[in-house]
Amino acid sequence: MSPEIFYQTIVNGLFTGGIYALVSIGLTLIYGVLIIVNFAHGEFLMLGIYVAFWAYTIFELDPYLSIPLAVVLIGGLGALIQRGLIQRVLDAHPLNQIVLLVGVSTLLIGLVQFFFSAEPRSIHVPYETEVITLMGLRMSIPRLIAFFASMLISLSLYVFLRYTRTGKAIRAVSQSREAAKLMGINVNYIYMLTFGIGTAITAVGGALLAPNHRMIPTMGQAYSVIAFVVVVLGTMGNFVGAFLGGLIIGVVETFAGFFLGGDVKIIASMLIFILILLFRPSGLFGRKQT
Amino acid sequence: MSADVSNKITRNPRKSLWHSLFSTWDRTQITASFILVGLMAISPLFVDSPYFMGIIILAALYAFIGISWNIIAGFTGQLLIAHIIFLALGGYTTIVLLNTYRVSPWVGIFVGGLVAASAGIIIALITLRYGLKLDYFALFTIALLVALRTLFLKWEFVGGAVGMYLRLAKPSTAKMIFDSKPPYLYIVLALLTLGIVIQYLIYNSKMGKYFMAIREDEAAASALGVNTSRYKTLSVIIGATLAGIGGGFYVMYVTFIDPTGLFNLGVNVEIVMAGPIIGGLGSLSGPILGAFVNKPIAELIRGFLAEERSGITLIVYGLFLILSIMFMPRGLAGVFHSLYLKIKRPSKEEA
Amino acid sequence: MALLEVQNIAKRFGGLVAVNEFSLSLDRGEIVALIGPNGAGKTTAFNVIAGYYKADAGKVLFNGRDITNLRPDQICALGLVRTFQVVRPFRGLSVLENVMIGAYARTNNNHEALARAEEVLDFLGMSKLSDRVASGLPIAGRKRLEIARAVATDPQVLLLDETMAGLRPLETEEVIGMVRKLSERGIAIFLVEHVMKVVMSLAERIIVLHHGETIAQGIPSEVVRNPQVIDAYLGEANATS
């Protein structure tokens with residue numbers, strides 16, 4: 001592997017990883033606060049990309065401009081789902097939680113398939129094939145935009161969680177539900193808000209992917225699986241872990257794609273996943289399990 | 001879960017058959033299950049359409065697969081989500097044995113069961129050795145599903161992405177290939193009967209009670225002498241074997257298999273999970289009730305919307321799961337159980 | 001050699017020594033209590049004996065056999081069974097089914113298990129609760145179920161972990177009665193307890209633990225007058241007042 005290809009692969013990997021980071025941050029945030037693994041998580045990315053598709057087809061809205069739309073629509077949907085459904089099973093047997101989320105996932109895929117059909121869709125923007133060459137490395141404009149957007153959004157969310165009142169309330173709940181209640185924090189509202197943020201940020205990831213990307217209703221499932229890997233790798237509930245883990249997995253996967261071929265590259269992530277689950281389930285940032 | 005052990009002595013000897021069939025909720029469930037099987041068995045007498053016969057056959061198969069999952073997830077409480085792995089492995093084994101090695105499917109489906117059982121042992125051992133519980137266990141099985149799908153997509157020996165079609169042959173009993181539906185019906189009903197019996201035997205045995213103890217509280221079970229590792233492994237082996245056999249039948253019936261179609265979470269929901277969840281996970285009749293409610297309704301709704309809008313099935317299954325968990329956590333069997341108790345003691349309204 | 005011999009077990013958590021050089025011997029029919037102020041290490045010692053914590057030092061011998069690092073289910077099979085401080089009933093199962101699980105420790109036969117479970121429930125005066133679902137029982141019922149389940153495993157030694165916590169006086173009396181009956185049946189009983197009244201009425205011997213060390217051992221009347229013991233408890237009282 002020549003140096004140019006090596007660096008090119010890293011760049012491509014980072015671009016992919018940026019989206020993975022967004023999706024995984026959403027998942028880890030939800031887990032950290034609600035202590036629930038969102039088995040329907042990838043579907044919210046799928047919804048985000050279909051919002052972009054719909055906005056583009058109906059309003060000729062540039063996909064990047066549909067990001068706020070995705071945030072509002074899908075974040076709102078997520079909040080509703082949390083309030084109406086997930087809230088009821090927060091203390092139930094994990095099997096019930098998993099089944100409920102699998103049901104939500106199935107329903108969402110079915111709805112999208114019903115309205116948009118299972119046929120692959122795509123939207124094409126005029127600048128989608130434009131490429132910038134920096135230091136000998138080719139970067140596609142849409143992917144470059146997506147990468148910077150995901151960095152910006154991750155940073156914004158980090159700042160939000162770290163320094164704003166609501167952000168601190170969210171972190172408080174993730175550390176101790178009871179203590180947060182005693183502090184006067186409306187925990188149920190935080191649950192709803194967090195789930196909404198988590199799904200919104202994932203949907204943004206989807207919208208960022210929209211230019212020239214093949215869209216099918218089941219596309220979210222692969223991202224769910226990647227998000228699981230990243231979140232476990234980066235320690236469940238750990239924001240920075242999810243961010244770094246997303247980038248790492250993006251790079252690893254792109255290298256795997258180079259050596260093994262595009263359709264099998266997922267196996268690299270699966271191997272990593274299985275290895276982590278077996279040997280370090282607490283993730284890179286977690287404590288060793290007693 | 002039965003909480004009414006009835007030792008009522010029948011006053012009227014003529015009622016003793018009724019008594020033995022319906023005196024406890026568990027017996028009622030078994031009786032109802034066999035009545036349903038019996039009805040299905042005579043259905044060719046009044047059902048002509050191959051389409052409806054096909055629905056019955058698949059419903060019965062789903063019930064059988066549902067029972068296999070019920071033993072693992074319902075009785076023992078293990079979050080083995082990607083159960084379809086076992087069905088797929090069984091199916092692939094059967095079709096490869098038939099197509100490539102001319103092994104009769106009558107043997108093949110049981111070899112498929114063995115292959116699935118082996119996978120079950122491996123999964124059980126790994127997850128036990130590394131202490132994977134709850135969410136991690138569920139995620140592990142999903143990762144395996146994805147990994148296996150990728151492997152099978154690339155593995156030319158089993159057809160790769162294209163999959164495998166049943167080798168063309170004249171209908172013959174020896175090859176389990178028939179030109180009409182009823183023979184398939186009887187095979188699947190035989191399997192279902194086997195499943196009902198095995199499930200009941202387990203339920204009433206020490207092993208079954210130990211399974212349920214593990215589900216309710218593993219630490220307490222261990223303190224009371226239950227070797228939890230051994231019994232968890234056993235439950236996976238039994239469930240996997242049955243699912244593998246079911247997979248063998250499945251491939252002989254639909255005559256085709258491919259990785260994307262079978263190593264597929266949506267299909268997993270449809271075939272494995274929806275039935276027992278709606279019917280009542282952990283109960284004796286749940287998987288059967290659920291499958292025979294599920295499949296026909298899904299087909300009916302799909303039939304109504306004449307244009308092939310494929311999302312409908314998914315919407316229906318998704319709603320089924322959601323509504324079941326929210327409003328009927330004990331499933332249809334739970335609803336009928338409450339009804340049964342009311343009928344038995346109409347005077348005792350206060351529990 | 002006694003039925004249960006605990007020889008100088010120690011347990012550390014990181015730098016903290018929770019239990020140090022703890023010894024105990026228990027024979028058929030005896031009732032021995034372990035007491036001590038909060039944080040003394042009682043539960044830790046209990047969990048080491050019962051097989052839930054790995055001992056860092058020392059041995060636990062049962063009928064002469066070293067059981068120090070056996071699994072809980074293996075220990076139960078040998079005849080030593082424990083209850084849990086925070087009760088752990090099999091919530092979805094009936095009382096009878098709960099006790100049957102215990103009974104299956106000694107038999108593979110359904111009828112035998114059922115008979116044994118019914119016998120235990122009858123012996124402990126709980127027969128009319130047989131068909132109740134465990135999750136529907138009040139706390140006192142669940143505590144009695146916890147004991148009944150353990151007894152169904154036909155133990156030689158019963159380890160009771162703060163069984164009386166949270167019970168009203170009348171309920172406490174009932175459970176004391178149960179424990180006495182079991183002792184009369186020949187089961188050796190080791191109990192960790194906080195409620196002094198229970199300890200005084202049941203125990204033949206008392207061991208007092210403080211900061212992981214054994215500060216007194218003997219018959220109740222002596223232990224209670226032991227100045228070190230009084231200090232330990234008063235010290236705690238002073239700290240909290």
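## Ground rules

The model is predicted, so local features need pLDDT of at least 70 and side-chain atom pairs count only at pLDDT 80 or more, while totals for chains, interfaces and linings use all residues. Residues are numbered from 1 along each chain as its sequence is written, and chains are lettered from A and ligands numbered from 1 in the order in which they are written.

## Chain B as a whole

Let's start with chain B, which holds 15 helices and two strands. Both kinds of element are DSSP runs numbered from the N terminus: helices are H or I with at least four residues, and strands are E with at least two. Along its principal axes, the C-alpha trace of chain B spans about 65 × 55 × 40 Å.

Two residues are in contact if their C-beta atoms, placed from the backbone, lie within 7 Å. Take the contacts in chain B between residues at least 6 apart in sequence: 74% of them join residues at least 24 apart.

## Where chains meet

Two pairs of chains touch, and the pair A and B has the most contacts. Chains A and C, on the other hand, do not touch, and their nearest C-alpha atoms are 11 Å apart.

The contact between chains A and B takes 34 residues from chain A and 38 residues from chain B. On the chain A side, the elements giving two or more residues are α3 (67-89), α4 (94-116), α9 (219-233) and α11 (266-279). Helix α4(A) gives the most, with 16 residues. That side of chain A divides into 26 nonpolar, six polar and two charged residues. For this count, Ala, Val, Leu, Ile, Met, Phe, Trp, Tyr, Cys and Pro are nonpolar, Asp, Glu, Lys and Arg are charged, and the others, Gly among them, are polar.

## A buried threonine

A:Thr28 is in helix α1 (residues 3-34) of chain A. Is A:Thr28 buried or exposed? A:Thr28 is buried, because 29 other C-beta atoms lie within 10 Å. Leaving out residues up to four places away in sequence, A:Thr28 touches several residues, including A:Val231, A:Met236 and A:Phe239. A:Val125 is 97 residues from A:Thr28 in sequence and 32 Å from A:Thr28 in space, C-alpha to C-alpha.

## A strand in chain C

Strand β3 (residues 31-35) of chain C has five of its five residues buried, so the strand is largely enclosed by the rest of the structure. C:Ile31, C:Ala33 and C:Ile35 point one way from β3(C), while C:Val32 and C:Leu34 point the other way.

Which strands pair with β3(C)? One is β8 (residues 188-192), parallel to β3(C) over four bridges, and another is β9 (residues 205-210), also parallel and joined by four bridges. Pairing requires that DSSP finds at least two bridges between the strands. C:Val32 has a bridge partner in each: C:Phe190 in β8(C) and C:Arg205 in β9(C).

Key. Buried ≥ 20, exposed ≤ 12 C-beta atoms within 10 Å, placed from the backbone.
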